[in-house]
Amino acid sequence: MTLKWFNLAFKFQGSVAPIILPRVLIFAGFAFGVSLFHYYEPQISLKVLGDLTNNVVFNLVLGLLLVFRTNTAYDRYWEGRKAWGALVVNIRNLSRLMQISTNCPEEEKQQREKSIKLLAAFAIATKLHLRSEAIEKDLDEILSEEDIVKLRSSKHAPLELTLWLGDYLQKQVQSDRIDTNYFVTMNSHLNALVEGLTSCERILRTPLPIAYCIYLKRLILIYCIGLPFHLVVEIDWLTAIAVGLVSFILLGIEQIGNEIENPFGHDLNDLPIDTICEGVAASVEQAIAYCPK
């Protein structure tokens, strides 16, 4: 357990260290320059230039802003996970109900299977939509070539799939192949899919206000520039190391917020959407394989 803790602490992949390292080196280099200046001009007091970093109000505001930044970013990450969890639940319920509640004659079962597969296609299309990626070969095993062409030409692929599903359910209830109560339930699950999709889009398209991001970066910049003037009088040549460590902490916390505020990408710190879609596809296949007695 202890070894695992240390392995995780020194893990490079997935860490924000590679991203913030250039900035840390810049601040450490600046601190070294301050130490060099202090060595050759010791009669000039530099401590007064760094007293701001020792101010309680400044430190309190900076700390609160960093905490708020991290919490806000994690809220977006968690909201994205809950939205995808809701999508999985509704896809599983809808595929189950479509399989066991639709009284299809033998010649219509293939169409039912094709319609249930639209649910797996919906999950994959939603993933691609959130990543602003085009539909390539992701749906080749699920949809026909004709359907894929239609989907590529649509303005909103996931929404187009919900229209196809709604049309199928409407035709089945009109043909008395689905009980009205089941139809209402299935339609509510379909509405929940649209709601989950919209929640993901809301997270994706509502970034933090730019003024807030700029202000936080400026506070960190002021702090990391002023800190060496405060420390150089006391620790001399160790100032660069101390400033490097402090800037690593501050910049790391800020970068973590940047990494998780959009949880739908490909990074290690994003949601495992690919794995979730694979699980959805497996659930849909299991529902299709079930034969009601």
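Colleague: Which residues form one aromatic cluster?

Modeller: Phe32, Tyr39, Tyr40 and Trp237 do, in what is a predicted model. Aromatic rings count as a pair if their centres lie within 6.5 Å, and by that rule there are 7 aromatic pairs. Take Phe32 and Trp237: their ring centres are 5.8 Å apart and their planes meet at 45°, so this pair is tilted. Phe32 belongs to helix H2 and Trp237 to the loop between H9 and H10, so the pair links parts of the chain 205 residues apart.

Colleague: Are the rings of Tyr74 and Tyr77 stacked or tilted?

Modeller: Planes under 30 degrees apart count as stacked. Tyr74 and Tyr77 have planes at 20° and centres 5.9 Å apart, so they are stacked. Both sit in helix H4 (residues 56-101), 3 residues apart, or about one helical turn. Tyr74 is partly exposed, at 44%.

Colleague: Back to H2, how does its span compare with what 24 residues should give?

Modeller: At 1.5 Å a residue, H2 (residues 17-40) should span 34 Å, and its end C-alpha atoms are 33 Å apart, which agrees. H2 also has a kink of about 25°, centred on Arg23.

Colleague: And what covers the buried residues of H2?

Modeller: The cover includes helix H9 (210-235) and helix H10 (239-260). Among the buried residues of H2 are Ile20, Val24, Phe27 and His38.

Terms used:
Residues are numbered from 1 along each chain as its sequence is written. This is a predicted model: local features need pLDDT of at least 70, side-chain atom pairs count only at pLDDT 80 or more; totals for chains, interfaces and linings use all residues. Side-chain values use heavy atoms; hydrogens and water are left out. Helices (H or I, at least four residues) and strands (E, at least two) are DSSP runs, numbered from the N terminus. The expected span of a helix is 1.5 Å times one less than its number of residues. The bend at a residue is the angle between axes fitted to the seven residues ending there and the seven starting there. Buried means under 20% relative accessible area, exposed over 50%, partly exposed in between (1.4 Å probe, protein chains only). Contact means heavy atoms within 4.5 Å. Rings of Phe, Tyr and Trp (its six-membered ring) pair if their centres lie within 6.5 Å; planes under 30 degrees apart count as stacked, over 60 as edge-to-face and the rest as tilted.
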